Amino acid sequence: MAMGIDSRNRMAKRAAAEIKDSMIVNLGIGIPSLVSNHLPPSIDVMFHAENGILGMGKSPEKGEEDPNLCNAAGFPVTIVPGGSFFDSATAFGMIRSGYLDISILGGLEVSEQGDLANWIVPGKRVPGIGGAMELAKKAKKVIVLMNHTNKNGKPKILKECTMPLTAKRCVNLIITDMAVIDVTERGLVLKEVMAPYTINDVIENTASSLLLSNNVTTIT
Amino acid sequence: MKANSLNKVATLEEAISHIDNGCTLLFGGFGGIGSPPTLINGIIEKDVKDLTLIGNDTGFPEIGIGKIVSQGRAKKVIVSHIGSNPVAGRLMVEGKMEVEFSPQGTLAERIRAGGVGLGGILTDVGLDSMIEEGKQKVIVNGKEFLLETPLTAGIAIVYANKADTYGNLIYETSARNTNPLVAMAGTFTIAEVNEIVSIGELDPGEIETPGIYVDMVIESNGVDWKWPWE
């Protein structure tokens with residue numbers, strides 16, 4: 001892209017702007033895992049991993065990997081000062097008890113009520129739930145990072161999800177390659193569009209009603 | 001001799017003699033990290049088949065429990081995730097391996113419940129999803145929960161960094177993951193460890209799994225698989 005940042009990283013950067021100092025944050029695999037690269041150094045965050053880490057740090061240098069120290073996706077990480085290790089039951093205890101400020105997840109479909117489907121494409125791909133149900137249901141704020149449309153160009157934001165749900169009414173914010181959309185009591189509200197897309201492009205590619213915020217801004 | 005009755009150190013052969021065709025096996029590990037590599041290789045060398053596996057996930061095709069799954073040695077798995085092992089997905093679609101999914105945190109608590117003698121756990125995770133199908137719902141103080149049943153197995157295999165001869169265990173960094181839970185939930189628990197020290201050498205305050213849960217300790221030959229990033 002002309003602005004020198006690809007669309008995946010532009011989405012990750014926008015999501016990073018939601019993270020405030022001293023938050024507890026869990027990043028899902030895929031695009032969400034890029035979010036930590038876009039945090040300003042002035043912000044201290046404790047990253048949580050489902051396998052049992054609080055205070056996950058950067059990827060180690062090549063050759064410095066510890067085969068026992070990995071994130072929930074099995075990739076090597078480091079630990080920051082003040083970090084801790086614990087068993088998976090404790091890791092999920094933290095999630096269920098509401099200690100996570102933000103969970104950033106991928107998505108297959110999101111409904112206008114904020115329902116999320118992200119774990120199974122019936123008859124096709126069945127990766128399994130992993131920790132998505134707990135994260136989606138229990139984090140204080142759930143941000144979904146996904147492409148606006150699927151491989152066939154069909155909308156992924158729908159009136160009702162067609163795929164099996166991960167959790168109902170759980171999503172707070174949707175960030176796609178085209179737009180930033182708030183999930184509110186009144187319905188979905190378009191806040192920002194990602195250039196070069198326009199408000200009309202977003203409306204055309206969204207299969208649910210979409211309210212416009214008073215001042216829809218453009219992210220370049 | 002009294003001292004020897006507390007010694008649980010055994011050979012790999014002795015350990016594997018407890019693992020037979022058709023048995024139910026609980027395994028520690030998360031994405032292959034923290035799974036016991038020497039025991040897994042021993043199971044494969046003994047040509048054990050028709051296993052029912054219970055653990056976090058099916059690993060990667062050549063990492064952790066994934067090696068056993070990829071070779072078609074499991075007839076059923078109870079896991080939270082199979083996405084990192086495409087062979088597991090193929091076996092499921094072909095009807096060669098049954099897969100029961102549990103949400104990851106629920107699965108961890110079901111294993112823990114099995115290990116600590118509880119009759120089940122109550123959670124609202126999974127309500128309004130496919131996970132609630134066929135499960136009993138319980139109302140507590142006006143709130144609805146799913147009753148999730150405990151998980152146990154005849155054999156549990158875990159990986160730790162250090163053990164004493166009594167089977168007290170200390171894990172290392174994120175290789176701890178499900179291991180302390182799995183260690184409690186096996187009728188016969190085998191721990192594979194990097195280092196075995198004499199009884200009394202571990203600081204009692206630093207022991208993460210008390211030896212009461214461990215029936216046998218073997219020394220690890222170390223991790224022999226390539227990690228997903230390699």
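Two residues are taken to be in contact if their C-beta atoms, placed from the backbone, lie within 7 Å. By that criterion, residues 24 or more positions apart account for 62% of the contacts in chain A that have a separation of 6 or more. The model is predicted, so local features need pLDDT of at least 70 and side-chain atom pairs count only at pLDDT 80 or more, whereas totals for chains, interfaces and linings use all residues. Residues are numbered from 1 along each chain as its sequence is written, and chains are lettered from A and ligands numbered from 1 in the order in which they are written.

Chain A has four helices and 13 strands, where helices (H or I, at least four residues) and strands (E, at least two) are DSSP runs numbered from the N terminus. Its C-alpha atoms fill a box of roughly 50 × 40 × 30 Å along the principal axes. For 220 residues a compact globule would have a radius of gyration near 17 Å, and the 17 Å of chain A agrees with this; the radius is taken over C-alpha atoms, and the globule rule is 2.2 Å times the number of residues to the power 0.38. Of the 220 residues in chain A, 46% are buried, a residue being buried if 20 or more other C-beta atoms lie within 10 Å of its own, exposed if 12 or fewer, and partly exposed in between, with C-beta atoms placed from the backbone.

Ten strands of chain A form an open sheet with mixed pairing, in the order β4-β3-β2-β1-β5-β8-β10-β11-β12-β13, where two strands pair if DSSP finds at least two bridges between them. Its edge strands are β4 (78–85) and β13 (211–219) of chain A, each of which pairs on one side only, and the twist averages 25° from one strand to the next, with axes being lines fitted to C-alpha atoms (for helices over the stretch in contact) and angles running from 0 to 180 degrees between N-to-C directions. Within this sheet, β1 (residues 24–27) and β5 (residues 102–106) of chain A run parallel and are joined by three bridges; the bridge partner of A:N26 in β5(A) is A:S103.

A second open sheet, of three strands, has the order β7-β6-β9 in chain A, again with mixed pairing. Here β7 (116–117) and β9 (157–158) of chain A stand at the edges with a single partner strand each, so one side of each is left without a neighbour in the sheet. Strand β6 (residues 109–111) of chain A runs parallel to β9(A), to which two bridges join it, and A:S111 stands opposite A:L158.

The contact between the chains takes 36 residues from chain A and 40 residues from chain B. On the side of chain A that touches chain B, α2 (88–96) and α3 (132–138) of chain A are the elements that give two or more residues, and α2(A) gives the most, with five.

In chain B, helix α3 (residues 37–45) has the buried residues B:P37, B:T38, B:L39, B:I40, B:G42 and B:I43, and their cover includes α2 (12–16), α4, β8 (153–164), β10 (186–197) and β11 (216–219) of chain B. Just after α3(B), B:D47 takes a positive phi of about 65°. Helix α5 (residues 86–93) of chain B has the buried residues B:A88, B:G89 and B:L91; seen down the axis of α5(B), these fall within an arc of 165°, so they line one face of the helix, the arc being that of the directions from the helix axis to the C-beta atoms. Their cover includes α4 (66–70) of chain B, and α5(B) is followed by B:G95, whose phi is positive, near 75°.
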